[in-house]
Amino acid sequence: MTTSPAILPELPASSCSNPPILRERGQREVFCGLTGIMWLHRKIQDAFFLIVGSRTCAHLMQSAAGVMIFAEPRFATAIIEERDLAGLADANDELDRVVMRLLERRPDIKLLFLVGSCPSEVIKLDLSRAAKRLSERVSPAVRVLNYSGSGIETTFTQGEDACLAALVPSLAAAPADAPESLLVVGVLADAVEDQFRRIFAEIGIRHVDFLPARKAGAMPSIGPGTRYLLAQPFLGETARLIEGRGGQRITAPFPLGAEGAAGWIHAAGVTFGIAPAVIDAAIAAPLERARKAVSRYRDMLAGRRIFFFPDSQLEVPIARFLHRELGMELVEVGTPYFHKDHLAADLAMLPAGTAFSEGQDVDRQIDRCRKAAPDIVVCGLGLANPLEAEGMTTKWAIELVFTPIQGFEQAGDLAELFARPLNRRARLEV
Amino acid sequence: MQLTVWTYEGPPHVGAMRVATAMRDLHYVLHAPQGDTYADLLFTMIERRSKRPPVTYTTFQARDLGGDTAALFQTVCHEAYERFRPKAMIVGASCTGELIQDDPAGLAKAGGLPIPVIPLELPSYQKKENWGAAETFYQIVRHLAGPHALPPNAARPVRAAGEKPRCNLLGPTALGFRHRDDVRAISGLLERMGITINVTAPWEASPADIARLGHADFNVVLYPEIAGPAAQWLKRSFGQPVVSTVPIGVGATRDFITEVARLAEIDPAPFLKAEESRLPWYSRSVDSTYLTGKRVFIFGDATHAIAAARVAREELGFEVVGLGTYSREFARDVREAAARHGIEALITDDYLEVEAKVAELQPELVLGTQMERHIAKRLGVPCAVISAPVHVQDFPARYSPQMGFEGADVLFDTWVHPLMMGLEEHLLGMFRDDFEFHDGAAPSHLGHASRAPAAAAPARAAEPAFEVPAPAMAAAETADVGVLEGPTGWAPEAEQELRKIPFFVRGKARRNTESFAGQRGIRLITVETLYDAKAHFGR
């Protein structure tokens, strides 16, 4: 990791680079990868996500995040019915019919994702062939890609990984003589993306792209000159494919909290040969703002004990932020999947002996949580109210995915998300 | 394959979860992948339940598929039994579990648990949530009460003299539309009538309670979609007659009291006299004159839709212009009800079709589900919710039943509330172009919560292809602005004049005028045509 001693605090003497991890296999109380469509379809503004699945998939999309606020969703489900299960040829014809009907009604769609589900995977409906076949029919107006968001293969945010991984092979090759360019990978809120663009411009990185782009026609090109920086910790497959096309990863902590954002920008800057002093000067003001905004919540959070149930894979960098910038004590950091390489910089900043768990056996984990009696529990929506009713204070994890939390200007907001449940509990007299 | 944006019902295993979650001491082991655990949040978030649903999911993954998912299922059954110690267990598969064909029923039987294990066959690719709830409840009843059934051709034992009549209250589940409050309203009513409630089920019933369902003299079915098959089986096995009137509205509650009294062999007259609703007087109050003939569109599950149509016409003086349901199992009942209102029923689970129908009929009030609330909001029509699918708002903190006389009072309030009030409506008629008091202004008691046509229009323009079939879109938009294409056109002054008519009757005025012109071969509608048509049709 590249850091500037002038700005960043020292690492703990004994850090947590290769920690022991409790691996569990039991009931997993997490969303499947389809859920990622909820933010992906808002991010790529001319993309449509067609889930090929069951009524359960449609019901999940409708129930899980209150997305019915969107009058015009750019996602739908092609619900597999009994007669589709009778023979696969029939299912393919049916899919073509549904897609053609959809595209006729939505001429504004430029990119269509066929999204596999548990049932489509189990019956081995070949969506990559379907995507190829349909692409030939509807190109150049529409490009058809596919990925799987099935719960038997993906957990919650891995759906974004699968979606971006599907995009990578379709990205144009950068010319051989293209200058080195920076590619930021992972969905960020538009406002956050704009903030980072301004900072990169100010420190002098000229070619900066974001994957995914906001429009299907504006996706970046990649090649051996691509230096990529992950904005999210759950993009293992996407990273692998980018490297297959010559991209090189910039090792950095994730841009959560003042320290994370500074480390992330520094890592990029140094890769592009920018002098640390120039970077420090460019980020001095936002870094100061971030520290100030975070410090407002320190009194409320310092010394409080936090327990993470696995949810978004953001748990490790968030734990790092809460521990180092707010003084919280980490009781257990559960995560669905532990990508050691990508998390290396964050892990190095955590204290030795931090209790990590990967996967889940939800009933056993609840037992541990009850026993540990933490001050605040991060968990999914299925668990939050029952744990509250037992007297625990919870922070529902999905908000960490749906709220802009990355970057300097959002560091205070991230801290506030954890302070709010405690604040609320303190206010209520009944 | 069916292209679906929003869906009225979940899959059948969610119906089974609604039954399991309503009950006590029952556990559901579901062979399902990890994503299916989302269903827990329906109960913990939408219904704000303080306990996790009593469901254990096997959460198999891709890597398990090559191995022994059957063994996984058996292990999970045993662990769930050891941890939760239920008195009975239901077992089954979700849509994906069904495809891997592990036969949960056989596996659980072979597992040798010391409690009744009830297998569920819920075909996910054919059936839906309410069917799943009904089938689950039926299987639970058949398995647990079955051993106590009367011998074939035996008559029910006669109730001892002096013993109070007893009934069961069947149908209420978790995540039901006001089931919590309906149970309280109807239990109270029955108790005041001197009837003992033997068992309420599935709501807070234990397996032991289900086993003694046969002790009642008759069954009250509150929600036929859920308790219909179980009640029919109880009728066959225990000779228990079924009260089939669903007590939604004043008239239906009176009928219900009469029917119950007949089965309980008591005189209904004192109860019909003692029980009171404010609805009849409120409806007769002159303030309610403005409700006369309001055109209402009704859509929901069959029970609530049919009941709402009766209340709308007989108790509020509305005109029912549309009636439909997503409950295909009850299509015949809804068609019959619609015929009584002189209209054709809309039987569909395609939300786009419902949207098109609302746009076409241009009602003044929509009574529907949360889906119709969205439709109505987009089309600028007032709406009240009468049926599942539910939303967190459908679980109000206050007591708010739909059934019984108190329920009728709730219906009056909630259906009338979204409308423009009487004098307000008249003033709007008088001062149509008033700068503060125009079409876009919300009813004063609704604040900002009402329609905002100016904001809605650009949104529609920006994404014109929202999945409403083109004709519906056209109908919806021309209700506000624009000139109709086709054989009959509007002169600009006539169009201008039309706009002075309050928005909530404008659609009707437009349609009436066009059909008037069409019948007379008038190609261009003028101001004269508009008023000729008004005179022809009345209001």
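Begin by colouring chain B by its domain assignment, whose bounds come from an automatic or database source: domain 1 (12–147), domain 2 (150–274), domain 3 (279–419) and domain 4 (482–537). This is a predicted model, in which local features need pLDDT of at least 70 and side-chain atom pairs count only at pLDDT 80 or more, whereas totals for chains, interfaces and linings use all residues. Residues are numbered from 1 along each chain as its sequence is written, with chains lettered from A and ligands numbered from 1 in the order in which they are written.

Next, select domains 1 and 2 of chain B, whose C-alpha centres lie 28 Å apart. Their contact (C-beta atoms, placed from the backbone, within 7 Å) takes 25 residues from domain 1 and 23 residues from domain 2. On the domain 1 side, α1 (12–22), α2 (39–46) and α7 of chain B each supply at least two residues; helices here are DSSP runs of H or I with at least four residues, numbered from the N terminus. The largest share of that side, 10 residues, comes from α7(B).

Of its 282 residues, L50(A), V141(B) and I298(B) touch the most other members.

Finally, centre on V141(B): beyond residues up to four places away in sequence, V141(B) touches I210(B), L213(B), A230(B), W233(B) and L234(B).

Conventions: Core = buried A, V, L, I, M, F, W, Y, C linked by C-beta atoms within 7 Å. Buried ≥ 20, exposed ≤ 12 C-beta atoms within 10 Å, placed from the backbone. Contact = placed C-beta atoms within 7 Å.
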